[in-house]
Amino acid sequence: MDTIFIVMPAYNEEENIRDVVEGWYPKLMGKSRNSKLVIADSGSTDNTHNILIEMQKDHPQLTILSNTGKQHGPKVIALYDYAIQHKADYIFQTDSDGQTMPDEFEAFWDMRFQYEGIFGHRKVRGDGKSRAFVEKVVCMLLKIYFGVKIPDANAPFRLMNADIVKKYLYKMDPDYNLPNIMMTTYFVYNKERCIFKEITFKPRQKGNNSINIPTLIKIGWKALGDFRKLKKEMD
């Protein structure tokens, strides 16, 4: 059986985390017994961590990473590294805010032998026009810098072959802010077998988003320099 690590970063998600775990944990059924749901919760100031520890009693394949960086990007990198180091065959990444649909996972899983990367495409986004605009700008910049045509570079709904993730993960610094954008770019730029599949992306139901538009703009500005550096390394 294939081993899958379903990984997600968390930060102050006490209102969502229980439902998210209950929604995603059953997706481990029918997979290798070494499969895990791994949540990186470092820096939460609410009750997220205590809820996760409590849930481990009834969810033995739930693992908590608490020694990662606080920000989303470093958490994602640490999660991918953890999955690789623990011999995952496949890595599926999503977020812990409840905006993605566990019911849409199986369609991705069924395609795992056809593609090394299956990436979500949020044609309709429930998180507002401003974020959709930011995503369009990112995709435009990726086309300019890397010559790749990507419809959605940062969707937190992606199933990837762990061996391919390993090829590219360590090209990024451990504290890199935009690992999913660059991981998608590596897959497309290097012509790995990948596809973009439409997903549902709901509005946030509970809690507050920890990343606002000014923060996104700040991260995006820094990303311009990062893109130049990474493109030189590709060449």
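Trainee: At what distance from the ring centre does Arg122 lie over the face of Phe201?

Mentor: This is a predicted model, in which local features need pLDDT of at least 70 and side-chain atom pairs count only at pLDDT 80 or more, while totals for chains, interfaces and linings use all residues. Residues are numbered from 1 along each chain as its sequence is written, and side-chain values use heavy atoms, with hydrogens and water left out. A charge sits over a ring if NZ of Lys or CZ of Arg is within 6 Å of the ring centre and within 35 degrees of the ring normal. For Arg122 and the ring of Phe201, the distance is 4.9 Å.

Trainee: How many aromatic pairs does the structure hold?

Mentor: Rings of Phe, Tyr and Trp (its six-membered ring) pair if their centres lie within 6.5 Å; planes under 30 degrees apart count as stacked, over 60 as edge-to-face and the rest as tilted. The number of such pairs in this structure is 14.

Trainee: What is the angle between the planes of Phe92 and Phe157?

Mentor: Their rings lie 4.8 Å apart, centre to centre. The pair is edge-to-face, with an angle of 90 degrees.

Trainee: In which strand does Phe157 lie?

Mentor: Strands (at least two residues) and helices (H or I, at least four) are DSSP runs, numbered from the N terminus. Phe92 lies in strand E4, so the pair ties together parts that are 65 residues apart in sequence. The strand of Phe157 is E6.

Trainee: Is Phe92 buried or exposed?

Mentor: Buried means under 20% relative accessible area, exposed over 50%, partly exposed in between (1.4 Å probe, protein chains only). Because its relative accessible area is 0%, Phe92 is buried.
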